Amino acid sequence: MGKMTNYRWVICAMLFFATTINYLDRQVLSLTWDEFIKPEFHWNEEHYGKITSVFSIFYAICMLFAGRFVEWMGTKKGFLWSIGVWSVGACLHAGCGVVTEMTVGLHNAAELTKATGDVAVMIATISMYCFLVARCILALGEAGNFPAAIKATAEYFPKKDRAYATSIFNAGASIGALFAPLSIPPLAKHFGWEMAFIIIGVLGFIWMGFWVFLYEKPAKNKHVSSLELEYIEQDKYEQTDEEAPAKKQEEGKLPFLQCFTYKQTWAFATGKFMTDGVWWFFLFWTPSYLNMQFEIKMSEGLGMALIFTLYAIVTVLSIFGGKLPTIFINRSGQNPYAARMKAMLIFAFFPLLVLLAQPLGMQFAGLGKNAAWIPVLLISMGCAAHQAWSANLFSTIGDMFPKGAIATVTGIGGMAGGVGSMILQYCAGKLFVYAGETNMQFMSFEGKPAGYFVIFCICAVAYLIGWTIMKALVPRYKLIEI
């Protein structure tokens, strides 16, 4: 029969790098807007909030159809189209300044920065819409990443290993966010923010070259031995009595609208709606928070060290999160869904630590800028819990749906997550401007710090609320029967 190969981990590595590039492209704006783009285009938090919220809602809409697109095109071609489109969108950000200059009749960034009055308002508005176009193209492509990655994971891994494999490629989000502060601010500082978008955007095209030659379905892949194929397809041969009715449906497809008739779909969508916005909020707003609260710029060594440390902790801890359900399964023999829900409940408590970030950061204000380490470490625990939660949440789809419906349901849930994120980003931008202008008070905080604490409170409890609703919708393991 030949020796056992481990080519599935090569595919997992490719999914990891795709997700890393995905989040690098997504992070360029958050790490450059406050220090480089904001002064040039006269933005405030409301402009940035609108851009991130529109990105979120457009991403959500695209996610609804991205899963179906991947099912139709297949994993290989679907992923190629996805990363190709988002890489083009990433590079297009670099042209926003040129379009703005041409529209308002100015000649360079220095003239844009010096503008005042109505001209400054026009610059802010035009540049914002330019970035919105680029962000929408980025969102269109990025929407296909997770449906394609989850589908590839279902094709290459048995159910018991999917949460672990998902946690590994999902850690690419943390790695992307980890290396972003080490690469993007220096690129923007030395070569201009435009080149930061272009250089990071080109990485996607490089990935496409490898994917073309490395990916085929397991049964057709010459690098997968018969022993590895048997391991990958073990669920066809090793099944419980409650799984038996679904044996013949493993590859079955569900009509798009029919997916909405299952509580399992709504449970997954609820988990995404309640929690995706939390992750995106910290991804998009943490650099701005550190600048507002502690006057730390991302081009400074301390700023880069803080963000790097945050996502280093997230990366290490989140991978264990994908392994925890496997431990439960091996020790107690629980079905995959029960084990994942148990793990997700544990992870849902960790974001409560975010409630302490703002109070302790203020309590140790005497430390100066170094006080920022306290909220960053607490936020990192919440973000690590999100990534562990997310890996298990994604894996619940493969537990209960046939492979032919996985990308579609992933897309539906992604849409729900994008809607939740859009609401949170838009409200955050509005709230921060309002809090600053009115010197709003909340608990013991005033102004923008009060606004941030309000959002931190929402982020802290979102996971427990999401888990409770999911459990009420799908209290126990139930396979979808076609």
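Two rings of Phe, Tyr or Trp, the last by its six-membered ring, form a pair if their centres lie within 6.5 Å. In this predicted model, the structure holds 45 aromatic pairs.

A pair of aromatic rings is described by the distance of the centres and the angle of the planes. Take tryptophan 9 and phenylalanine 157: their ring centres are 4.9 Å apart and their planes stand at 65°. Planes over 60 degrees apart count as edge-to-face, so this pair is edge-to-face. Tryptophan 9 belongs to helix H1 (residues 8-41), while phenylalanine 157 is in the loop between helix H7 (145-156) and helix H8 (159-191). The pair therefore ties together parts that are 148 residues apart in sequence. Tryptophan 9 counts as partly exposed, with 29% relative accessibility, whereas phenylalanine 157, at 0%, counts as buried.

Ring pairs can also join into a group. One cluster linked in this way includes Trp33, Tyr48, Phe281, Trp285, Tyr289 and Phe456.

Rings also meet charged side chains. Arginine 26 lies over the face of tyrosine 59, 5.1 Å from the ring centre. Lysine 342 has its charged end over the ring of phenylalanine 328, at 4.4 Å from the centre.

In soluble globular proteins, nonpolar side chains tend to be buried together. The largest nonpolar core here has 152 residues, and the members that touch the most others are Trp43, Phe131, Phe281 and Leu290. H1 supplies the largest share of this core, 16 residues. Leaving aside neighbours within four places in sequence, leucine 290 is in contact with residues including Glu295, Met298, Leu306, Ala372 and Val376.

Terms used
Residues are numbered from 1 along each chain as its sequence is written. This is a predicted model: local features need pLDDT of at least 70, side-chain atom pairs count only at pLDDT 80 or more; totals for chains, interfaces and linings use all residues. Side-chain values use heavy atoms; hydrogens and water are left out. Rings of Phe, Tyr and Trp (its six-membered ring) pair if their centres lie within 6.5 Å; planes under 30 degrees apart count as stacked, over 60 as edge-to-face and the rest as tilted. Helices (H or I, at least four residues) and strands (E, at least two) are DSSP runs, numbered from the N terminus. Buried means under 20% relative accessible area, exposed over 50%, partly exposed in between (1.4 Å probe, protein chains only). A charge sits over a ring if NZ of Lys or CZ of Arg is within 6 Å of the ring centre and within 35 degrees of the ring normal. A nonpolar core is a set of buried Ala, Val, Leu, Ile, Met, Phe, Trp, Tyr and Cys residues joined through side-chain atoms within 4.5 Å. Contact means heavy atoms within 4.5 Å.
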